[in-house]
Amino acid sequence: ERKRQEQALHDALAEVERLKERLAAENAYLRAEIRSDRQFGEIVGQSEALLAVLEQVRRVAPTKSSVLVQGESGTGKEAIARALHDLSPRRDHPLIKVNCGAISPSLIESELFGHEKGAFTGALRQRAGFFELADGGTIFLDEVGELPPDAQVKLLRVLQEQELTRVGSETPIRVDVRVIAATNRDLAGLVEGGGFRLDLYYRLNVFPILLPPLRERRDDIPLLAAKFLADQARALGKELKGLTPAAVRLIQSYDWPGNIRELQNVIERAAILATGRVVDIPASLVTSGTPHQASRLPKALAEDEPVTLAAAEARHIRRILDRTGWAVAGPGGAAQLLGVPESTLRSRMKKLGIKRTTGRSA
């Protein structure tokens, strides 16, 4: 009888632990769902870095000002453009998305501004361009740094005069379009090198928004992962309720050079391979997407050894500081190598209790 009672107690405790883990996973999922259903639609997160960006979006969205969204590849520039449009008085008019880098240079003017019948070989009929289609609404020019010089001149005219001329025509057409441009390139550097017009740069850069990379908003990673996992559960018809604690530690420790897009791909692969409701992510799955990325994981996590996130972060920061001779700021300093502002690094060092025990202080 005693053995039966002990076994029943053991089973009950195991069930409590299982339910506790399931509840934590489902809670993360619900937080992601609540965040995504609010004012900013598909944008998920609650980190200070992201909230600062969303406050900028909220302030500039109701205006007519041009916005230049800059950030690394995969940081969610299109989602920001959608939020700017949805929060503006133009929300009931079209949002036209154009990938400037995906259009042949010989066709870019025709695609943006339209053409008349017979304007060039293959122009069998009159065609409105993207700017005419966006009249009354918003046009999102992604990879705007890829525009060839001739198209830059015509785009400048549209911004200045609010009118365009189709290829093969001399008749101007009035348009009312709000321009949101985006790039992962250094436009100011392109201007200095002669690859981008200075006057166009100033016209686009009326209100700049800089998106932080995922490594600077690590608190958002579990929420994003929960959102992507929920999406995959629906797509695959699986009952997936969350990630294991080890998987959460793993994805929060990784630097995500491909940012949100890379995280989404990893979660999709993990969902496809998952055999249970709570999904685990082996380190090999995270580092298999791009060559030579295993070094971006702290060693303990790369080898699946148990370690707290704070301990892994502290160890990684110390390793970088040792490499730089404990130089925090300046060229070649730890902040530059880690890809974070000096103030952010010093704040993390203070929080983690990282101090140099010998020699000069950082």
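Welcome! Helices here are DSSP runs of H or I with at least four residues, strands are runs of E with at least two, and both are numbered from the N terminus. This is a predicted model, in which local features need pLDDT of at least 70, side-chain atom pairs count only at pLDDT 80 or more, and totals for chains, interfaces and linings use all residues. Residues are numbered from 1 along each chain as its sequence is written, and side-chain values use heavy atoms, with hydrogens and water left out.

**The whole protein**
- The protein has 16 helices and 9 strands.
- Of its 362 residues, 45% count as buried, meaning under 20% relative accessible area.
- Among contacts (heavy atoms within 4.5 Å) with a separation of 6 or more, 69% are between residues 24 or more positions apart.
- The protein exposes about 19200 Å², and carbon and sulfur atoms supply 51% of that area, computed by the Shrake-Rupley method with a 1.4 Å probe.

**Helix α2**
- Helix α2 covers residues 48-60, and its 13 residues should span 18 Å at 1.5 Å a residue, which agrees with the 19 Å between its end C-alpha atoms; the expected span is 1.5 Å times one less than the number of residues.
- Leu50, Val53, Leu54, Val57 and Val60 of α2 are buried.
- These residues are on the same side of α2 because they cover an arc of only 130° around the axis, taken from the directions from the helix axis to the C-beta atoms.

**The nonpolar cores**
- A nonpolar core is a set of buried Ala, Val, Leu, Ile, Met, Phe, Trp, Tyr and Cys residues joined through side-chain atoms within 4.5 Å.
- The largest one has 32 residues, of which Leu112, Phe131, Ile139, Leu141, Val144 and Phe196 touch the most other members.
- Elements giving two or more residues to this core include β2 (95-99), β3 (138-142) and α6 (149-161), and α6 gives the most, with 5 residues.
- Leaving aside neighbours within four places in sequence, Val144 is in contact with residues including Leu68, Cys100, Phe196 and Leu204.
- Apart from this core lies another, of 28 residues, among them Phe228, Leu240, Leu250 and Val266.

**Asp322**
- Asp322 is found in helix α14 (residues 309-323), and at 52% relative accessibility it counts as exposed.
- Asp322 and Ala334 are 12 residues apart in sequence and 9.0 Å apart in space, C-alpha to C-alpha.

Terms used: Buried < 20%, exposed > 50% of the residue type's maximum accessible area, 1.4 Å probe, protein only.
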